[in-house]
There are 2 protein chains.
Amino acid sequence: MAWDPGFETAFHPKTVAIVGVSRQPHFFDFVSHLQNAGYEGHIFPINPKADGEVHRGCRFYRDLVSVPEPIDLVIVSTPRETVPAVLEDCVAANARNVHIFTAGFKEVGDARGKELEEQVVEIARRGGLRIVGPNCMGLHVPASRITTWEDIDPQSGPVAFVSQSGGHAGALVRDGGRFGIGFSKVISFGNATVLDSTDFLEYLATDPETRLICMYLEGVKDGSKFTAMVRNINKEKPVIVWKGGLTESGSRAVASHTGSLGGEREVWDAFYKQTGAVRVGSLEEVLDVTMAFLYLRPPRSRSTALIGAGGGNSVAGADICARAGLDLPTLTEATLTELGSFIPPEGTIIRNPLDIGVVLMDINMLLRSLDPIAADPLIDSIIFALPLGMVPRGLRDQLAPDSPMAVLGDVFQRLRQGIMDSLVGFHRDHVSRKPIVVVLQGSAGGFAPGQQEEIQQELLQAGIPVYFSLERASRAMARLIQYHEFHGALR
Amino acid sequence: MAWDPGFETAFHPKTVAIVGVSRQPHFFDFVSHLQNAGYEGHIFPINPKADGEVHRGCRFYRDLVSVPEPIDLVIVSTPRETVPAVLEDCVAANARNVHIFTAGFKEVGDARGKELEEQVVEIARRGGLRIVGPNCMGLHVPASRITTWEDIDPQSGPVAFVSQSGGHAGALVRDGGRFGIGFSKVISFGNATVLDSTDFLEYLATDPETRLICMYLEGVKDGSKFTAMVRNINKEKPVIVWKGGLTESGSRAVASHTGSLGGEREVWDAFYKQTGAVRVGSLEEVLDVTMAFLYLRPPRSRSTALIGAGGGNSVAGADICARAGLDLPTLTEATLTELGSFIPPEGTIIRNPLDIGVVLMDINMLLRSLDPIAADPLIDSIIFALPLGMVPRGLRDQLAPDSPMAVLGDVFQRLRQGIMDSLVGFHRDHVSRKPIVVVLQGSAGGFAPGQQEEIQQELLQAGIPVYFSLERASRAMARLIQYHEFHGALR
C-alpha cells in the first residue's frame, strides 16, 4: 500500500489494545513490557475468557469492539488460526493501526500459512487496516515509551531502524546505548505483508525526529520504487542498509524467516551503486557506522594518520586501513621534523603510521604528537590506537618501579585521566577540522572489568567515537567518507 | 646461515649474560624479567661502570670475558654504537648464542644503521656467532622460564611462534592463555640479520615439543628455500603464516620496521597455494585458528550445522558461514522429523541453521537438538551459537516470573550449569566424530563482567573451543578444513 498518514498515531498512541494476553505469567506479556517501559497511555488487554478480570491493573475486555475508547494501536498475539477473526474485530472497532506479532504465515511454507496470509491481505484491503507484520516485534518508540521488548531502557535519539528481524532490532536497541546511539522509531515489520519498507521510508523521510535511517532487509517488494526512494532520501538523511541473505545459504534462510524473495547479489550491488546508500553487512557494522555518522564531521578526504605503538602493530594497522579503503599518506617534512624534535629515533618509527614504540612509557609523548599531525595539511583525520596491553605496564614501571600489585589501580586511574584529558582537549580544539576516533586495542591488560567501557562512555560523551578494534574503526570511517564522496561533498 | 645445532642451548640456557643492564630502575630490566618468570639458571649482568656491584642479587661483571662460567645466551641491550664491540667480546668469551635487543640498524634507513648492520654480519660470520635480531624481543621459552617480557605468565604447550614483531609475539603470549594455547618456543627475530625464519623452521621441524608452528613475517630472504621448507614441514606440523605488509601502506611500514623487502602480493598468493600453509591476516586470527587446530579433530567435510536463536540471526549466520567457506546443507528428512517432534513450528525455523527462536525459554530444547543433528549423516561439524543477550532474559521469566533483580545471579548460575553440563556431555559422546564449537554471541546480557570468560575457560577445559563471534569461529573452522583438504585427508 502507499503510506497512510493515519498510521502516524501508532508511534505515539494514547491507547493500546493487546489481543491475546494470557492470564498466566508469560514470556511475551506485552502489558508488562509497556508498563516497565513507562508507557503512560491506557492499556486494554483483550481475552474473551477473562472479560472483566484485571491484569496488572488493567481490565480485560472480551473483544476490541467492547473497548470504551478509540484504539490507536492494536497488538495481536493470538494463535495464527484466530488472526483473521481478530482483524475483522479491528475493522468493526475502527482500530486501524495493527501490529501482528503472531508468526506462522507464509514464512512457514505450508499451505495453511499461505492461505492465512492471503486472508490478512484481503481484510486489510477491505477494512483499510494499516498492518505491521505478521511475524515481527512491531514498534519501539522511546519518546512515547512504547515497546514490545522487556527490560529495554529506551534511549531517544535521531536514529530510525527499519528491520525485517525482531532479533536484530532488539539487539541494536540493547547495544545502541553503549555506542551513544539513541532512537526515534524502531520498526520490526517481519513478513511485510501490508506495510512494507517503502511505506516506512516515506514516513521517515519527513519525520523531524529522524536524522539517520538504518535498515535490515531480507527482501523488497517493489525494487525500483525502493531504489528511487532511497536515492532521494539518502541525499538528506543517510540511509544505512544491511541486506541479509546475499549468500546462497543466507538466501535459503531468508525464505524460511520472512518468506521474502532474497534477490540477486548483482541487483543489490547495483542498488548500492545507484543510491549511494551506506553498505553494511552485520549488526556490529550498523552500530559502528551509525556511531561514525552521529559523532564525526566528514573528513575532507581519505587521508588518515594512524597513531599507535609497536612496529608490528604499525604494519598490521597500515594493512587494515588500506584494506578498509583509507589512505595513509607520508607526512610532510615539517611534521616529521617537529615529531623528531621530541621523539627519539631508536625503537620508534616517525612516519605514518606513527609508532612511538617503547616510548609509550611516556604517555605525554604520545599525546604531544597529536597537534603536529593534526596541523599537517596532508592529513584529514586521525585514528588514535591505544594498545591497552602495553600502556599500563609501561606506565606502571615508570611511576612505581617496585610497586606491589596493590597500587596498580591508582596508576591506571592516573594514566586514564591523563589520556582522557588530553584527548578531550584535543578534540575540543580540532573538532571542526580533523575528526579523531580512538581505538582501544588488544587485551584489557591491567584494566579492571568494565573499565574499558567506562573509558568508551567518557570519550563518547566528549564527542569522540571509541572502537575496540582497528578493523571496525577504519571500516566505519571509510563508509562515512564514501557517503560524502558519493554526494560530492569532499574536495 | 644454515641452522647451527649449537643454538639449541639458547632455548634452555644454564647461564644468561645481559649486556647493558642499567643500575637505575628501567622499563627493560631483563634481569628482573627473568627473575619474575622464575628462571633458575645463573644471570650475569654486564656493565663496565658497575663491576663488582650487585643488582637484584646478581653480581655485575665488566665484560663477557670476565664471567667465570660458560655463557649459554647473551642478551645485548646497549646503544647501537657499542654493539660491534660487545659482539667482539662475545667472540672472545666464546659466547656464541646472542640476542640483540638493540634497535637502530638498517630499519632506521640512515647510512650509519646500514653500516652497523654490516658490521654485525661480518663479526657473526668471522666469530661463528648465532645471532637473533637485532631489533627484537628474542626468546620466550616457558619450559625454561626464560623470557624478555615482564610479567608474562609462561604457559607451556605445543605451539611455536616465530615472529618478526616483538609486539605481536608478546600479545600472542599474553592472550594465548585465554584461548587455551601454550607455547614450546616463541622467537621474536626482528631484522633477521643472521638467523632467519628458515633457520628456526629447520629447528622446529624436528623439535619434539612443537606440534604447530605459527609465523608472523614481514619478509623472507630466500623465498624458494622458505617455500620448499614450509611445504615439507606443513605435512607433519601445520604451519600458520601471517604475512604483514601485503598492502601498499603496509609494505611501506614494513620497510621502516624491520627493513625487510615486503614482497609482492602475487608471490605470497603463490606461496600459500604451493605449500598449503594456513593463511591468516591478523593476530586474532592466529589465536582463533591455533585454538581450532589444537582442540578440534578435523571435520570430514565443510558441511556444518548452525544451531542458534532468532530468524534474523539465522540469516546473518548463514551469510557469515557461507562467506567463510562453510556449507550449511539441508538436514535429512529423518533429522527434520525428529526435531519437529519436540520443537513447535511457530516462531522457530526447523532447518539448517536451526532457529529455536522464542523457545529459547526452554534451554533443554536447544540442547536436545544436538543429538539428532550430530546423528545426521550429512553433517560433519556443529556450531552452537548462544545469543547471550536473549537466553538469560527468557529463562529468568520462566523460572521467576516476578523476580526482583536480586535473584538474577542464581538463575544465571543455574542456566549456565545446565548449558555447560549438556555441552560437555555431548562433546564427550561425540568427540571422535563430530567436532563442536561454541559461539557466545552479542552483548553480555545479564552476565556479570568476567562471566563470559569463565564459561569460555570451563568449556575449553572440557575440550570445546569457544569464540565470541560467529565470524571468527567459522573462519577458524574453515581454515582447519582447508588444511586437511589440501593434504587430502578429507573424504
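A salt bridge is taken here as a side-chain nitrogen of Lys or Arg lying within 4 Å of a carboxyl oxygen of Asp or Glu. The structure is a predicted model, and by this rule the count over all chains comes to 48 salt bridges.

**A pair between two helices of chain A**

One of these contacts joins the side chains of A:Arg475 and A:Glu284, with an N to O distance of 4.0 Å. Because A:Arg475 belongs to helix H17 (residues 470-486) of chain A and A:Glu284 to helix H9 (residues 283-295) of chain A, the pair ties together parts that are 191 residues apart in sequence. A:Arg475 is partly exposed, at 28% relative accessibility, and A:Glu284 is also partly exposed, at 30%. Both residues take part in a network of salt bridges that links A:Glu284, A:Glu285, A:Asp288, A:Arg472, A:Arg475 and A:Arg479.

**Arg112 in chain A and in chain B**

In chain A, the salt bridge of A:Arg112 is formed with A:Glu115, the closest N and O atoms being 3.5 Å apart. Both residues lie in helix H3 (residues 111-127) of chain A, where a spacing of three residues places them about one turn of the helix apart. A:Arg112 has a relative accessible area of 26% and is partly exposed, as is A:Glu115 with 40%.

In chain B, the side chain of B:Arg112 meets that of B:Glu81 in a salt bridge of 2.5 Å, N to O. B:Arg112 lies in helix H3 (residues 111-127) of chain B, whereas B:Glu81 sits in the loop between strand E5 (73-76) and helix H2 (83-92) of chain B, so the pair ties together parts that are 31 residues apart in sequence. The relative accessible area of B:Arg112 is 27%, which makes the residue partly exposed, and B:Glu81, at 43%, counts as partly exposed too.

| Salt bridge | Distance, N to O |
|---|---|
| A:Arg475 and A:Glu284 | 4.0 Å |
| A:Arg112 and A:Glu115 | 3.5 Å |
| B:Arg112 and B:Glu81 | 2.5 Å |

**Cysteines**

A disulfide is a covalent bond between the sulfur atoms of two cysteines. A search of the whole structure finds zero disulfides over all chains. For B:Cys214, which is in no disulfide, the nearest cysteine sulfur is that of B:Cys136, at 18 Å, whereas a disulfide requires two cysteine sulfur atoms within 2.5 Å. B:Cys214 counts as buried at 1% relative accessibility, and B:Cys321 is likewise buried, with a relative accessible area of 0%.

Methods: Residues are numbered from 1 along each chain as its sequence is written. Chains are lettered from A and ligands numbered from 1 in the order in which they are written. This is a predicted model: local features need pLDDT of at least 70, side-chain atom pairs count only at pLDDT 80 or more; totals for chains, interfaces and linings use all residues. Side-chain values use heavy atoms; hydrogens and water are left out. Buried means under 20% relative accessible area, exposed over 50%, partly exposed in between (1.4 Å probe, protein chains only). Helices (H or I, at least four residues) and strands (E, at least two) are DSSP runs, numbered from the N terminus.
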